[in-house]
Amino acid sequence: MEPVLHRVRHKVFSSLHRVGLLSRRRHSGFAEPVAAPASSHSRQMKPPLLVSRLYQPSNLRDMGPDNRMQGELTCKSQRLMQQAGLIHPFNPGCFYYLPATVRAMEKLVRVIDQEMQQIGGQKLDMPGLCSADLWKISQRWDLMGKELFRLKDRHGVDYCLGPTHEEAVTHLVAHQTALSYRQLPLLLYQITRKFRDEPKPRFGLLRGREFYMKDMYSFDISEEAAYETYESVCHAYTRVFARLGLRCVQVQADTGNMGGKLSHEFQLPADIGEDRLLVCRSCSFSANAETMLSDRIDCPQCKTGTLSESKGIEVGHTFYLGKRYSDMFKAVFSNAQNKQSVAEMGCYGLGVTRILAAAIEVMSTDESIRWPGLLAPYQVCVLPPKKGSKADEATGLAEDLVHTLGQTVPHLRGEIVFDDRTQMTIGKRLKDASRLGYPYVVVIGQGALEDTPRFEVICQLTDETMFLSKEDLFCLLGKVEIV
């Protein structure tokens with residue numbers, strides 16, 4: 001049998017050598033790698049991101065009255081996100097985040113990371129499964145009531161799914177026995193899934209049972225230093241929303257079961273907002289109505305202005321906690337006199353998934369999603385002509401355009417999608433592009449075949465249509481900011 005196998009093996013290897021798929025062995029005893037000959041198909045440059053390959057299942061666009069999976073559509077952002085295949089309902093208050101949404105969320109996380117790290121924030125990751133013992137020490141095991149998801153392990157030990165991590169982070173810092181005042185302020189933050197047993201989840205990602213949040217915790221040497229840290233975080237939040245192009249209002253708020261001495265909410269004005277905001281028309285005063293007397297209309301700050309009421313979506317919250325948690329868990333540091341002092345604390349939250357949904361809620365039309373420029377899953381969508389149309393011969397130009405654009409404007413690589421569904425008319429594909437909210441849509445039509453090629457460019461954020469040369473198109477898209 002062995003001589004037969006030897007002859008077969010020799011015959012196979014000789015054939016591979018003849019066709020060039022296997023090289024002669026080098027002196028080292030290893031085969032020299034030889035690339036397979038490129039076929040004419042592989043040599044042809046294809047756009048890397050094809051709309052036909054993006055996972056946005058078509059059944060998610062079918063939002064007819066008989067579709068039982070759509071759930072209760074309670075606001076514009078939820079309806080648009082489900083119609084466009086960005087999210088899909090799973091359980092009440094829980095959603096699948098589909099690929100385009102994950103891309104947008106990752107971009108938002110990068111913006112938040114940049115601003116948190118600019119003020120000294122250090123990113124970590126804490127367990128989502130939290131010991132009941134810590135929550136009982138802070139007394140929030142009972143204070144949180146039914147909002148806390150509780151469970152027991154096989155040994156009967158109580159745990160909860162963390163909606164926030166004041167207890168956990170203070171417990172962590174308390175175990176660092178050699179913490180010095182020179183290491184403060186210490187700002188630790190994470191961006192993770194959170195859980196809250198909402199009695200009636202609604203408004204899609206705006207009020208769910210499972211969501212993503214950025215939570216930061218600060219430790220300072222004194223009350224004065226803690227207030228400075230508090231202000232620096234508030235300024236960082238303001239920068240986050242400014243970069244996203246969102247008009248956010250910072251309002252005085254109640255500390256609630258979080259405790260502490262000071263609290264502010266960051267509210268995005270919106271008709272579906274669940275919070276009532278009171279804003280003075282004459283000065284900078286603004287507050288959540290729950291912190292004011294219900295019948296008060298005069299401004300408590302300037303004394304002369306009147307308060308106007310509006311609704312808002314809470315997208316961020318800051319708390320100055322003082323020593324409430326650090327005292328309980330013995331989070332101490334060595335001061336300048338080499339004596340132990342209890343750290344002053346603050347905590348600061350940003351609703352990551354809520355910011356995404358709230359931005360869509362306030363920026364979109366009734367029929368089409370509009371993203372903050374930095375967060376759009378893809379920046380550019382290129383539409384080649386319909387197959388068999390008069391401009392069909394421009395399809396090759398469209399493919400070349402995508403390739404050249406990626407080379408000429410490198411930061412747009414991975415940000416350009418090519419709508420290869422050429423069996424559909426330009427009009428139908430434009431409707432899809434509008435629904436998904438690509439900031440820039442480039443239509444390749446008859447103008448691309450002229451002696452001086454022109455390309456139709458639609459800027460969806462401004463609803464402006466331009467006809468540009470290739471050079472002007474590249475110049476325009478070269479200015480697009482990518483995070």
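Colleague: Leaving aside neighbours within four places in sequence, which residues is S138 in contact with?

Modeller: Contact means heavy atoms within 4.5 Å. By that rule S138 touches E167, R324, Y325, M328 and F329, its neighbours within four places in sequence being left aside. This is a predicted model, in which local features need pLDDT of at least 70, side-chain atom pairs count only at pLDDT 80 or more, and totals for chains, interfaces and linings use all residues. Residues are numbered from 1 along each chain as its sequence is written, and side-chain values use heavy atoms, with hydrogens and water left out.

Colleague: Is S138 buried or exposed?

Modeller: Buried means under 20% relative accessible area, exposed over 50%, and partly exposed in between (1.4 Å probe, protein chains only). S138 has a relative accessible area of 0%, so this residue is buried.

Colleague: How many disulfides does the count come to?

Modeller: A disulfide is a pair of cysteine sulfur atoms within 2.5 Å. The count here is 0 disulfides. For C130, the nearest cysteine sulfur is that of C160, 4.8 Å away. C130 is buried at 6% relative accessible area, whereas C475 is partly exposed at 43%.

Colleague: Which residues of α4 meet α10?

Modeller: Helices are DSSP runs (H or I, at least four residues), numbered from the N terminus, as are strands (E, at least two). From α4, T101, A104, M105, L108, V109 and I112 meet V352, T353, I355 and L356 of α10. The residues of this contact divide into 8 nonpolar, 2 polar and no charged (Ala, Val, Leu, Ile, Met, Phe, Trp, Tyr, Cys and Pro count as nonpolar, Asp, Glu, Lys and Arg as charged, and the others, Gly among them, as polar).
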